[in-house]
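Please examine the structure shown below.

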Amino acid sequence: MKSIFISFEGIDGCGKTTQINLLAKHFAKQKKSFVKTEEPGGTEGANEIRKILLRENNFQWSVESETLLFMAARNDHVEKVIKPAIEDNKIVICDRFMDSTIVYQGMRSPQAKKLSLILFELIGIYPDITFLIDMDPEIALDRALNRVTDEDRFENYGINFQRQLRQSFLDIAKTHSDRIKIIDGNRSPQQVAAQINESIETLVK
Ligand SMILES: Nc1ncnc2c1ncn2[C@@H]1O[C@H](COP(=O)(O)OP(=O)(O)OP(=O)(O)O)[C@@H](O)[C@H]1O
Ligand SMILES: [Mg+2]
């Protein structure tokens, strides 16, 4: 079997983790070997950086410096987890990847976007397929508020910010239409999963 590198992107609460868990179950049923991982994080070193980056009231760095930290974490993750898994012919499922940096940091600074793209050319690997779970931020907000978590990102950033994020993800998807598949997230988890499974089967063929 040939390896496939799959990433999931989309605004907070759109259903990435839900779909990743369903996909992992699907692969397990098919007895395919896969690695499930996430960003920021995925390695011990990257998790150390994640802790710093997701710390509340983290105004210590400029968005450019923050981006360099994200890229350092990504380098560690690519080196230690993603590349070895691909070389091992495993399927890699990654919860957020490079597109999130372009959206979240790139939206705040064109310089940060440029920095991340230059570094990514040197250290990164593009996924074979990226699922952008697209949905109305209001619905994602309702879902997120119903979820038990100690993070309150929606309340920190607000609905308008989520709308901008959504648009920014859609813009990237237009530029990379060969790689990024837009999935309508306003459906049941099973309906969304069925479309994702179908896309992967088409890709493998
Ligand atoms: N298709 C769906 N229909 C209804 N509810 C859903 C659907 N998908 C996920 N949910 C619920 O919405 C909430 C957010 O989903 P999930 O945690 O998978 O999103 P996420 O994209 O991983 O969010 P985050 O970016 O915050 O990690 C969860 O409570 C989940 O059970
Ligand atoms: Mg999640």
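The paragraphs that follow describe a predicted model.

The account begins with the sheet. Strands of a sheet pair through backbone hydrogen bonds, in either the parallel or the antiparallel sense. In this model, five strands make up an open sheet, arranged in the order β2-β3-β1-β4-β5, and their pairing is parallel. From one strand to the next, the twist averages 20°.

Within this arrangement, strand β1, residues 5–9, pairs with strand β4, residues 129–134, in the parallel sense, and four bridges join the two. One position in this pairing places serine 7 opposite threonine 130 in β4. Helix α1 packs on the sheet, where α1 touches β1, β2, β3 (91–95) and β4. The direction of α1 makes about 165° with that of β3.

Ligand 1 is surrounded by 15 residues, of which the closest are Gly15, Lys16, Thr17, Thr18 and Arg143. Two or more residues of this shell come from each of α1 (16–29), α6 (137–145) and α8 (189–204). Which element provides the largest share of the shell around ligand 1? That share, three residues, belongs to α1. By residue class, the shell around ligand 1 consists of seven polar, four charged and four nonpolar residues.

Terms used:
Residues are numbered from 1 along each chain as its sequence is written. Chains are lettered from A and ligands numbered from 1 in the order in which they are written. This is a predicted model: local features need pLDDT of at least 70, side-chain atom pairs count only at pLDDT 80 or more; totals for chains, interfaces and linings use all residues. A residue is near a molecule or strand if its C-beta atom, placed from the backbone, lies within 6 Å of it. Ala, Val, Leu, Ile, Met, Phe, Trp, Tyr, Cys and Pro count as nonpolar, Asp, Glu, Lys and Arg as charged, and the others, Gly among them, as polar. Two strands pair if DSSP finds at least two bridges between them. Axes are lines fitted to C-alpha atoms, for helices over the stretch in contact, and angles run from 0 to 180 degrees between N-to-C directions. Two residues are in contact if their C-beta atoms, placed from the backbone, lie within 7 Å.
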